[in-house]
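Open the model in your viewer and keep the selection panel at hand. This tour goes stop by stop, from helix pairs to ligands.

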Amino acid sequence: MHLLDLSDGQLEAWLAERDQPAFRARQIRRWLFASRATDFADMTDLPAGLRDQLAADFRLWTTGVAAHHVDPDGTEKLLFELADGQQIESVLLRDGTRRTICISTQVGCAMGCVFCATGLDGVVRNLTRGEIVEQMLRLARLLPPGEGHAPAERLSHIVVMGMGEPLANLDALLPALGEAESKDGLGISPRRITISTVGLPAAIDRLSDLGTKYNLAVSLHAADDELRERLVPVGKKIALADILAAADRYFDVSGRRLTFEYVLLAEVNDREEDARRLARLLAGRGALLNLIPYNAVAGLPYQTPSEARTRKFIAILERQGVNVQTRRRKGAKIDAACGQLRRIKGEVPSTVVPLSG
Ligand code: SAH
Ligand code: SF4
């Protein structure tokens, strides 16, 4: 059993069965989230017998870090090997004082977007709550805690934009984000957490009904249904109008400004008519449009538009009053940029680096 799969209540119940007070759960969480414990034996303010019982019943870690890549721009990428040999990747991004982690929710993805490395081989399975929390913990621990004269770097933002479709795995993601938000957990405000989705209206409605305060980023990639069906095959059953309606409802309930994402593919969806159509679609929404110039994926035929073409696309939108931002590419040298995360098929690396510090 993975300790990180347990809710607070479940851990307290386990403790109660062993005649331990509920506050032990808080102590354990502090060791994990604040004190960077790597083993139950590290939790020195717990009775030794309890530490032994924890070690007998639970695994603290179920993943191994099979590779750790560092880009000169400060981006770091971890390749995780899961208990069943599957692999996922997650990323730490540095931008000014911002420290953002980008986490995965599935092994692969079933949505099949034609420009995305993650979707190339379909989905294998959902990640568990514990596997999602473990990514967050391990990425957060890449940040130096601050010793001597070296200042600490603090995790400030979480984006759920790694491998997989987060809204297809809400049952695991929501409790994991609960840990991220909790004061005893990572203490990250929901305003600094963004969920990026291909746009599943029923699942967006579920977020609205729950009253969550996360930022929602909806991947559009096309301003008409016909083009979207080609680029985002899952869209065959989902009309743009239904996605926008669900997103609008989320905005009404959460008060969080919506973001729409649009991957720019040269000569595919970056024509002037695409920009005009997109401007009409977003008019009056007060949303932010995040343009993502295509990041190269080996084996795929797409091209990144030239800067001149991109500027023209942006100008058309801005003339219509759309708020446009272009996402800066990060971690491209280590294939950690948007859409470049993939599971490595074939041989599983034999050396699994244990977590240190
Ligand atoms: N499944 C979710 C979240 C993961 S993808 C979603 O699709 O929103 C995160 C973002 O990366 C999405 O906007 C996605 O369209 C974008 N992306 C995928 N492949 C890309 C590529 N090759 N270049 C640039 N962005 C890409
Ligand atoms: Fe899945 Fe998102 Fe990639 Fe599409 S872009 S295949 S939804 S991970």
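**First stop: a helix pair**

Helices H1 and H2 cross in a right-handed sense. Keep in mind that this is a predicted model. To find the pair, select residues 8-17 for H1 and residues 23-34 for H2. Their axes lie 8 Å apart, and the packing angle is about 120°. Angles of 65 to 115 degrees would count as roughly perpendicular, and those over 145 as roughly antiparallel. H1 and H2 are therefore oblique to each other.

**Second stop: another helix pair**

Now select residues 272-282, helix H9, together with residues 307-319, helix H10. Here the axes come within 9 Å. They cross at roughly 30°. The cut-off for roughly parallel is an angle under 35 degrees, so H9 and H10 are roughly parallel to each other. The crossing of H9 and H10 is right-handed.

How many residues are around ligand 1, and which come nearest? There are 21 residues around ligand 1, and the nearest are Phe115, Ser196, Ser219, His221 and Asn295. By class, eleven residues of this shell are nonpolar, eight are polar and two are charged.

Next, turn to the polar contacts:

- Histidine 221: a polar side-chain atom sits 2.9 Å from an oxygen atom of ligand 1.
- Glutamate 165: a polar side-chain atom is 3.2 Å from a nitrogen atom of ligand 1.
- Glycine 164: a polar backbone atom is 2.9 Å from a nitrogen atom of ligand 1.

Switch to a surface view. On its own, ligand 1 has 530 Å² of accessible area, and the protein covers 96% of it. Then colour three strands: E8 (193-197), E10 (259-264) and E11 (288-293). These are the elements that give two or more residues to the shell around ligand 1.

**Last stop: ligand 2**

Move on to ligand 2. Which residues surround ligand 2? Select Cys109, Met111, Gly112, Cys113, Cys116, Gly119, Gly164 and Val198. Five residues of this shell are nonpolar and three are polar. The shell around ligand 2 has no charged residues.

How values were computed. Residues numbered from 1 in each chain as written. Chains lettered and ligands numbered in written order. Predicted model: local features only at pLDDT ≥ 70, side-chain atom pairs only at ≥ 80, totals over all residues. Heavy atoms only, no water. Near = heavy atom within 4 Å. Polar contact = N/O pair within 3.5 Å; in protein donor to acceptor, adjacent residues only side chain to side chain. Areas by Shrake-Rupley, 256 points an atom, 1.4 Å probe, with all protein chains shown as cover. Helix = DSSP H or I, 4+ residues; strand = E, 2+ residues; numbered from the N terminus. Nonpolar A, V, L, I, M, F, W, Y, C, P; charged D, E, K, R; others polar. Axes fitted to C-alpha atoms, helices over the stretch in contact; angles between N-to-C directions. Left-handed = near helix turned anticlockwise from the far one by under 90°.
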